[in-house]
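Dear colleague,

Please find below the structure that I am handing over to you.

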Amino acid sequence: MNGFFVRMMARFRQFMQGRYGVDNLSRFMMGLGLVLWIINTFLGYKIWPLSLLVAVLLMLVYWRMLSKNIQARYHENTRYLMLKSKFLGLFGRKEGNAGARWNPSKGANTDAGHKLFVCPACRQRVRVPSGKGKIEITCPKCNNHFKRRT
């Protein structure tokens, strides 16, 4: 019986290879769908547009998870995280690690002794040590060179 589950997991991993999977936006939409479904259940399914919205949300979640257009799904998730950060900022909450802050306007993330920059050519995040002055950064993905102040 144990070998059956191992083979099924291997097949599932092979199926999901090259697909986007679950991210923060998908988790949010799943949670929202669950909350709306529970509300609609307590109302006795009297509001049919709510049932339709739950179905559409769940289909969208599965479509995003199985999508092979990884770059587009990544950008959607990034926009969601920026909106979430702005929304939580209205209430004085900070998202993420205590020492790290994502600043979407600058495109840099500072943590203990490092900064993250976004490559202007391919949008790959590059982590470099901070406090080194103006340096030339080479993107590991596309080998593009760009200068930034750390």
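I begin with a contact between two helices. On the H2 side, the residues involved are Leu-25, Ser-26, Met-29, Met-30, Leu-32, Gly-33, Leu-36, Trp-37, Ile-39 and Asn-40, and they meet Leu-50, Ser-51, Leu-53, Val-54, Leu-57, Leu-60, Val-61 and Arg-64 of H3. Sorted by class, this contact of H2 with H3 comprises 13 nonpolar, 4 polar and 1 charged residues. Please bear in mind that the model is predicted.

As to the geometry of the pair, helix H2 spans residues 24-42 and helix H3 spans residues 48-66; their axes come within 9 Å and cross at roughly 160 degrees. Because angles over 145 degrees count as roughly antiparallel, H2 is roughly antiparallel to H3. The crossing of these two helices, H2 and H3, is left-handed.

Turning to the protein as a whole, it contains 4 helices and 6 strands. Along the sequence, these elements follow the pattern α-α-α-α-β-β-β-β-β-β.

- Of the 150 residues in the protein, 25% are buried.
- Among contacts in the protein with a separation of 6 or more, 35% are accounted for by residues 24 or more positions apart.
- The protein has an accessible surface of about 11100 Å², and carbon and sulfur atoms hold 61% of that surface.

With kind regards

Technical notes. Residues numbered from 1 in each chain as written. Predicted model: local features only at pLDDT ≥ 70, side-chain atom pairs only at ≥ 80, totals over all residues. Heavy atoms only, no water. Axes fitted to C-alpha atoms, helices over the stretch in contact; angles between N-to-C directions. Parallel < 35°, antiparallel > 145°, perpendicular 65-115°, else oblique. Left-handed = near helix turned anticlockwise from the far one by under 90°. Contact = heavy atoms within 4.5 Å. Nonpolar A, V, L, I, M, F, W, Y, C, P; charged D, E, K, R; others polar. Buried < 20%, exposed > 50% of the residue type's maximum accessible area, 1.4 Å probe, protein only. Areas by Shrake-Rupley, 256 points an atom, 1.4 Å probe, with all protein chains shown as cover.
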